[in-house]
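I opened the notebook for a pass through this structure.

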Amino acid sequence: MPAVTVENPLTLPRVAAPADAVARPVLAVSTAPGGFEGEGFPVRRAFAGINYTHLDPFIMMDQMGEVDYAPGEPKGTPWHPHRGFETVTYIIDGTFIHQDSNGGGGTIMNGDTQWMTAGSGLLHIETPPESLVMSGGLFHGLQLWVNLPAADKMMNPRYQDIRGGQVQLLTSPDGGALLRVIAGELDGHEGPGITHTPITMVHATLRPGAEITLPWREDFNGLAYVLAGRGAVGTDRRPVHTGQTAVFGAGGSLTVRADESQDSNTPDLEVVLLGGRPIREPMAHYGPFVMNSQAELKQAFDDFQAGRLGTVPVPHVQ
């Protein structure tokens, strides 16, 4: 799980919650069920079964893989529409090619993030490159959906290409953790992702036995999803492992600890930490559309069928 790393974390800025910060309790731990997405790549549904009041402004998150494809096996998604929210695709291992009907797109790999604001609507496709299809290989990533408030749902689409080298790298006081701030801020350190809905997204790697207690905005919710490894969350050390999501309650800090012993194929605890300011608006969600009412959902389907969300670009033939 390379993503972005450094040889010596102690050269990085160090982050720790103040001693008087109120620790966030762990309200629940859930296990993600498995499934398939797009043309058949395996996913874990990280937020399945979690009450939306704990997720807002996040809608869903899929862990894509980790899977080691044989030649000919890599899969993607066909062209599909989106309206009313933002999709965040973070590739940890492997390569994905993106394209949308608004002209956005590119290739992301090994720590890169593609941040697509669907807004008023577009068509989108994600595919593995031909070289990966031919050779096979490791593929692992996340796709997160972030809601937009009603005032921004019909904004013009936007695409952000965030390279792994642009993320803000931080560490814990003892250097036992590497923190990659992809979006938002952590203790005043800003990540490169520009968000309409205020959020923080951090990929943390904790060495065996390492613990982090991070300052966390009190107006944000708090979620921790385990990409790989075993550890504990909260000051009462509630156990968590690969494929589980911890929901934190209110407070000014959150704590994550890696077990002293990890599996041989997972040397560290890998966790994605998410927080956002709840939108607290009605949500109507069906398939690729996230709106505020059933009437707006119907309009989105009508617009898609009428071709008003864009058209599939015609491939250029030389």
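This is a predicted model: local features need pLDDT of at least 70, side-chain atom pairs count only at pLDDT 80 or more; totals for chains, interfaces and linings use all residues.

**Entry 1**

I looked up the strand order first. I find 7 strands in an open sheet, ordered β2-β3-β4-β11-β6-β9-β12. The pairing is antiparallel. Which strands stand at the edges? They are β2 (34-37) and β12 (158-162). Each has a single partner strand, so one side of each is left without a neighbour in the sheet. I read an average twist of 25° from one strand to the next.

Strand β6 (residues 85-93) and β11 run antiparallel, joined by 8 bridges. Which residue of β11 is the bridge partner of Phe-85? I find Asn-147.

**Entry 2: Asp-68**

I picked Asp-68, which lies in strand β4. Is Asp-68 buried or exposed? Its relative accessibility is 59%, so Asp-68 counts as exposed. The cut-off for exposed is over 50%. I then listed contacts, leaving aside neighbours within four places in sequence. Asp-68 touches Gly-137 and Leu-138. I also took a distance to Gly-94, which is 26 residues away in sequence. The C-alpha atoms of Asp-68 and Gly-94 are 9.7 Å apart.

**Entry 3: aromatic pairs**

I searched the whole structure for ring pairs. How many aromatic pairs turn up? The search finds 6. I took Tyr-69 with Phe-139 to begin. Their ring centres are 6.4 Å apart and the planes meet at 35°, so I log the pair as tilted. Tyr-69 sits in strand β4 (residues 58-69) and Phe-139 in strand β11 (residues 137-147). The two are 70 residues apart, and the pair links distant parts of the chain.

Then I checked how accessible each ring residue is. Tyr-69 has 8% relative accessibility, so Tyr-69 counts as buried. Phe-139 has 2%, so Phe-139 counts as buried.

I moved on to Tyr-286 and Phe-301. This aromatic pair is tilted, with 5.8 Å centre to centre and 55° between the planes. Tyr-286 is in strand β25 (residues 284-286) and Phe-301 is in helix α3 (residues 294-305), so the pair ties together parts 15 residues apart in sequence. Tyr-286 counts as exposed because its relative accessibility is 56%. Phe-301 is at 28%, so Phe-301 counts as partly exposed.

**Entry 4: helix α3**

I compared the helix span with expectation. α3 has 12 residues and reaches 17 Å from its first C-alpha to its last. That is close to the 16 Å expected at 1.5 Å a residue.

Which residues of α3 are buried? I note Leu-297, Ala-300 and Asp-303. They cover an arc of only 125° around the axis, which means they lie on the same side of α3. What covers the buried residues includes β25 and β26 (289-291). On the other side of α3 I find Gln-294, Ala-295, Lys-298 and Gln-305 exposed. Just after α3, Gly-307 takes a positive phi of about 80°.

**Entry 5: the sheet with β1**

I turned to another open sheet of 7 strands, with the order β1-β22-β19-β24-β17-β14-β13. The pairing is antiparallel here. The edge strands are β1 (26-31) and β13 (168-171), each pairing on one side only. The twist averages 20° from one strand to the next.

I checked one pairing again. Strand β19 (residues 222-228) and strand β22 (residues 244-248) pair in the antiparallel sense over 4 bridges. Gly-222 stands opposite Phe-248 in β22.

**Entry 6: Pro-25**

Which residues does Pro-25 contact, leaving aside neighbours within four places in sequence? I list Val-247, Phe-248, Gly-249 and Ala-250. Pro-25 and Thr-113 are 88 residues apart along the chain, and their C-alpha atoms are separated by 30 Å.

Note on methods:
Residues are numbered from 1 along each chain as its sequence is written. Side-chain values use heavy atoms; hydrogens and water are left out. Two strands pair if DSSP finds at least two bridges between them. Axes are lines fitted to C-alpha atoms, for helices over the stretch in contact, and angles run from 0 to 180 degrees between N-to-C directions. Rings of Phe, Tyr and Trp (its six-membered ring) pair if their centres lie within 6.5 Å; planes under 30 degrees apart count as stacked, over 60 as edge-to-face and the rest as tilted. Buried means under 20% relative accessible area, exposed over 50%, partly exposed in between (1.4 Å probe, protein chains only). The expected span of a helix is 1.5 Å times one less than its number of residues. The arc is that of the directions from the helix axis to the C-beta atoms. Contact means heavy atoms within 4.5 Å.
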